[in-house]
Amino acid sequence: SVEAAMAGVAQAEAQLAALTDGATEAEIAISEAQVRQAEIALEQAQQTLEDSFIRAQFSGVISEQQFRVGQVVSPTLTGMTVVDPATLYFDVSVDELDVPQLESGQSVEIRVDALDGELIEGVVSRVAPAGRVVQGVTTYAVQINLTGERPERLRLGMGADIDIVVGRETGVLAVPTRAIQRNEGEEYVLVD
């Protein structure tokens, strides 16, 4: 420990001081070597203490901790998860059939289930260049960043319905698909 090493340095310095009054050159050299050994032990203890700290590469909050003080851990174990609550974003998986319509900068409407469907504005910030195949279905990771006012109650891990705006039309009438009737190759809408 650092305290024990500091005590060792103090003891060796005291022995050196006691010997310098009338001591032989050999005794002084031995005492100086003992002081140097104690200083090296102190440096090693300080380095061991410094190495025991875990530091994140950014400011944040520990959201999950996997191990306890004193527990032996493996280098492959994720010990804790640190998150920056100031930079919330949504990761979504988009089917390969819809990915060609996506690009960075597109507007996104987010409705968080836990917030009673409150509308939050966002933007597509990244579309993965390669897909992932899970059970025969190819999806692409898309990151959605928040652009509007962030609700104070929004928390990491909350589920949401996300609508990515791929186009807008003005001056047109929008009707539900189920209202469109088809007869002999023609489509029409019944109006009451």
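The legends below describe close-up views of a predicted model.

Local features are described where pLDDT is at least 70 and side-chain atom pairs only at pLDDT 80 or more, while totals for chains, interfaces and linings use all residues. Residues are numbered from 1 along each chain as its sequence is written, and side-chain values use heavy atoms, with hydrogens and water left out.

**View 1. The largest nonpolar core and the surroundings of Ile110.**
The largest nonpolar core holds 16 residues, of which Ile110, Val112, Val142, Ile144 and Leu154 touch the most other members. A nonpolar core is here a set of buried Ala, Val, Leu, Ile, Met, Phe, Trp, Tyr and Cys residues joined through side-chain atoms within 4.5 Å; buried means under 20% relative accessible area, exposed over 50%, and partly exposed in between, with a 1.4 Å probe and protein chains only. Strands β3 (89-95), β4 (107-112), β5 (119-127) and β7 (137-146) each supply at least two residues of this core, where helices (H or I, at least four residues) and strands (E, at least two) are DSSP runs numbered from the N terminus. When neighbours within four places in sequence are left aside, the contacts of Ile110 include Phe90, Leu119, Ile120, Ile144, Leu146, Ala160 and Ile162, and also Glu118, Glu121 and Asp161, contact being defined as heavy atoms within 4.5 Å. In soluble globular proteins, nonpolar side chains tend to be buried together.

Helix α2 (residues 25-51) has 27 residues and reaches 39 Å from its first C-alpha to its last, close to the 39 Å expected at 1.5 Å a residue; the expected span is 1.5 Å times one less than the number of residues. Its buried residues are Ser31, Val35, Ala38, Leu42 and Ala45. An α-helix has 3.6 residues a turn, so residues three or four places apart point the same way. A member of α2, Ala45 counts as buried because its relative accessibility is 15%, and beyond neighbours within four places in sequence it is in contact with Ser1, Val2 and Ala5. Ala45 and Val191 are 146 residues apart in sequence and 84 Å apart in space, C-alpha to C-alpha.

The largest pocket has a volume of about 270 Å³. On a 1 Å grid over the protein atoms alone, a pocket is an open set of points where a 1.4 Å probe fits, with protein on both sides within 12 Å along at least five of seven lines, and lining residues have an atom within 4 Å of a point; points are joined across faces, edges and corners, and the volume is the space filled by probe spheres set on them. The lining consists of Val83, Asp84, Thr87, Leu88, Tyr89, Phe90, Asp91, Leu154, Arg155, Leu156, Gly157 and Met158, and its largest share, 3 residues, comes from β3. By class there are 7 nonpolar, 2 polar and 3 charged residues in this lining, with Ala, Val, Leu, Ile, Met, Phe, Trp, Tyr, Cys and Pro counted as nonpolar, Asp, Glu, Lys and Arg as charged, and the others, Gly among them, as polar.

**View 2. Leu115 in the loop between β4 and β5.**
Leu115 is placed in the loop between β4 and β5, yet it counts as buried because its relative accessibility is 3%. Not counting residues up to four places away in sequence, Leu115 touches Ile120, Pro151, Arg153 and Leu154.

Thr138 has its place in strand β7 and counts as buried at 15% relative accessibility; leaving aside neighbours within four places in sequence, Thr138 is in contact with Val94, Asp95, Glu96, Gly131, Arg132 and Val133. Val133, in strand β6, counts as exposed at 59% relative accessibility, and its C-alpha is 9.9 Å from that of Glu96, 37 residues apart in sequence. Gln135, in the loop between β6 (132-134) and β7, is exposed at 81% relative accessibility and has a positive phi near 55 degrees. Most residues other than glycine have a negative phi.
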